[in-house]
Amino acid sequence: MKSLKTLVCVTSFALCFGAASMASAATFSPGGATFTTNAGGSITVKSPSSFGGAVTCNISFTGTVRADGSAADITAATVSGTSQLCSLPHMTNLPWVLSPAGTVTNVGYTIAAIPPLIPATNCGPSTIAVTLANVTGGASLGASNQPLTGGCTVQSLTVTAPGVSVVP
């Protein structure tokens, strides 16, 4: 009976380890592709500069899928919008690394203080969890309620990278 319990435990461990390995085996395709996310990308953040209030802006990422598809490097992020705060962020710690397993590392940005109107913001570098999905024409990336060091939160993020897909 003891050997049966041991066998069941070892088998369970092997199955869990194998499932975890398969989950991280996702890749991006095609390797080496460059991308700029479609117009219509949106980000809502809370920061010290907004006094903790949510600010929604347009966002676009530019990057390159690594040759082996193991990650994508986000080399630029452009923010715009009708709120005056949308023109102030300076992205830091680029490139940000997008993993097909669902994380973006090195995420950060600063906003210089404009006394007495706007306090400074210095958020990141942080790793945030993202959702990835294949959609018509590309791969969508989303995030929800992801904290950054320095008192910021990515409340929501949605962008689509045309011509890129996630291969499970």
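## A first look at a chain of strands

The side chain of T37 comes to 2.8 Å from the backbone nitrogen of F61, a polar contact (a pair of N or O atoms within 3.5 Å; within protein, one must be able to donate a hydrogen and the other to accept it, and residues adjacent in sequence count only if both atoms are side-chain atoms). That is one detail of a predicted model, in which local features need pLDDT of at least 70, side-chain atom pairs count only at pLDDT 80 or more, and totals for chains, interfaces and linings use all residues. Residues are numbered from 1 along each chain as its sequence is written, and side-chain values use heavy atoms, with hydrogens and water left out.

**The whole chain**

- The protein chain has one helix and 13 strands; both are DSSP runs numbered from the N terminus, with helices being H or I of at least four residues and strands E of at least two.
- Along the sequence, the pattern is α-β-β-β-β-β-β-β-β-β-β-β-β-β.
- The chain has 168 residues, and 37% of them count as buried; buried means under 20% relative accessible area, exposed means over 50%, and partly exposed lies in between (1.4 Å probe, protein chains only).
- Among contacts with a separation of 6 or more, 52% come from residues 24 or more positions apart, where a contact means heavy atoms within 4.5 Å.

**Strand β11 and its partners**

- Strand β11 covers residues 138-148, and eight of its 11 residues are buried, so the strand is largely enclosed by the rest of the structure.
- Strand β10 (residues 131-135) pairs with β11 in the antiparallel sense over five bridges; two strands pair if DSSP finds at least two bridges between them.
- L132 has L141 in β11 as its bridge partner.
- Two residues separate β10 from β11 in their hairpin, and G137 in the turn has a positive phi of about 90 degrees.
- Strand β12 (residues 152-162) also runs antiparallel to β11, joined to it by 10 bridges.
- Within this second pairing, T153 in β12 is the residue opposite P147.
- The hairpin of β11 and β12 has three residues between the strands, and G150 there takes a positive phi near 95 degrees.

- T37 sits in the loop between β2 (34-36) and β3 (42-46), and its relative accessibility of 7% makes T37 buried.
- Leaving out residues up to four places away in sequence, T37 touches I59, S60, F61, V159, T160, A161 and P162.
- V104 belongs to strand β8 (residues 103-111) and is buried, at a relative accessible area of 4%.
- Apart from neighbours within four places in sequence, V104 is in contact with I74, W96, V97, L98, S126, T127, I128 and V130.
- One of these, S126, is 22 residues from V104 along the chain, and the C-alpha atoms of the two are separated by 8.3 Å.

**Disulfides**

- The structure holds two disulfides, each being a pair of cysteine sulfur atoms within 2.5 Å.
- C57 is joined to C86, with 2.0 Å from S to S, and the torsion of about -90 degrees about the S-S bond makes this disulfide left-handed.
- C57 lies in strand β4 (residues 54-65) and C86 in the loop between β5 (72-80) and β6 (90-92), so the pair ties together parts that are 29 residues apart in sequence.
- Both ends are buried: C57 has a relative accessibility of 7%, and C86 has a relative accessible area of 1%.
- C123 is joined to C152, with 1.8 Å from S to S, and this link is right-handed, with 65 degrees about the S-S bond.
- C123 is in strand β9 (residues 121-129) and C152 in strand β12, so to speak distant parts of the chain, 29 residues apart.
- C123 and C152 are buried as well.
- Counting bonded cysteines along the chain, the pattern is 1-2, 3-4.

**The salt bridge**

- A search of the whole structure finds one salt bridge, meaning a side-chain nitrogen of Lys or Arg within 4 Å of a carboxyl oxygen of Asp or Glu.
- The side chains that meet in it are those of R66 and D73, at 2.9 Å from N to O.
- R66 is partly exposed, at a relative accessible area of 33%, whereas D73 is buried, at 18%.
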